[in-house]
Amino acid sequence: RRKICSIATRTVEVPAPDFDPAAMPRGVLLRKRGFSLNYRDRALALTMALRAPPGRFATLGSDFVAEVLACGDAVTEVAPGDRVIGNAAYPDSGEAGVAPGVPVNTASRELQVLPAAKLIRIPDAMTDAVAAGFIIAYGTSHVALAHLARLRPGETLLVTGASGGVGLTAVEL
């Protein structure tokens with residue numbers, strides 16, 4: 001028999017982030033509507049569970065869907081009320097001074113401020129459930145197919161692990 005380990009969960013109240021649209025002209029204040037844990041998040045969560053001192057809490061997750069609450073004075077890409085997901089563009093974020101790649105490893109925070117360059121507005125037809133787990137699976141698959149596989153017409157690609165999020169997305173693409 002396998003031993004099953006469980007982790008107790010609880011809600012922790014933390015102060016809302018300070019947000020001044022003039023002081024953070026490219027910042028966007030978000031309220032998360034959902035988040036998910038992907039393959040890399042599970043490894044981070046396990047490490048935290050095994051090594052964190054008793055009584056500590058952690059925020060985790062890199063995939064999320066959020067509603068824009070407020071925008072910095074120079075933000076034009078999104079507006080309050082828009083639904084957004086993270087922009088994990090790599091190797092360039094598209095904006096000087098903004099790091100490329102996954103926008104956060106703290107997607108479970110309800111309120112968060114991120115640079116506008118790290119957000120993508122999503123269509124109304126995309127559900128929160130789909131959006132909350134979209135960017136890592138899609139981004140990984142897209143990079144693998146567009147930049148690594150370099151398939152030519154008529155070539156075949158074997159997708160191993162096709163039942164996982166990245167594999168299913170790769171097959172769809």
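**View 1. Just past the end of helix α3, R150 takes a positive phi of about 50°.** This is a predicted model, in which local features need pLDDT of at least 70, side-chain atom pairs count only at pLDDT 80 or more, and totals for chains, interfaces and linings use all residues. Residues are numbered from 1 along each chain as its sequence is written, and side-chain values use heavy atoms, with hydrogens and water left out.

**View 2. Helix α3 covers residues 135-149.** Helices here are DSSP runs (H or I, at least four residues), as are strands (E, at least two), numbered from the N terminus. The 15 residues of α3 reach 20 Å from first C-alpha to last, close to the expected 21 Å (1.5 Å times one less than the number of residues). Buried in this helix are I135, I136, A137 and S141 (under 20% relative accessible area, 1.4 Å probe, protein chains only). Their packing partners are α1 (39-51), β2 (63-71), β3 (83-86), β5 (119-121) and α4 (165-172).

**View 3. Here α3 packs against α4 at an angle of about 55°, with axes 8 Å apart.** Axes are lines fitted to C-alpha atoms over the stretch in contact, and angles run from 0 to 180 degrees between N-to-C directions. From α3, A137, Y138, T140, S141 and L145 meet G165, V166, T169 and A170 of α4 (contact: heavy atoms within 4.5 Å).

**View 4. Take a look at T47 in helix α1.** The T47 side chain reaches the backbone oxygen of A43 at 3.0 Å. T47 and R31 are 16 residues apart in sequence and 27 Å apart in space, C-alpha to C-alpha.

How values were computed
Buried means under 20% relative accessible area, exposed over 50%, partly exposed in between (1.4 Å probe, protein chains only). A polar contact is a pair of N or O atoms within 3.5 Å; within protein, one must be able to donate a hydrogen and the other to accept it, and residues adjacent in sequence count only if both atoms are side-chain atoms.
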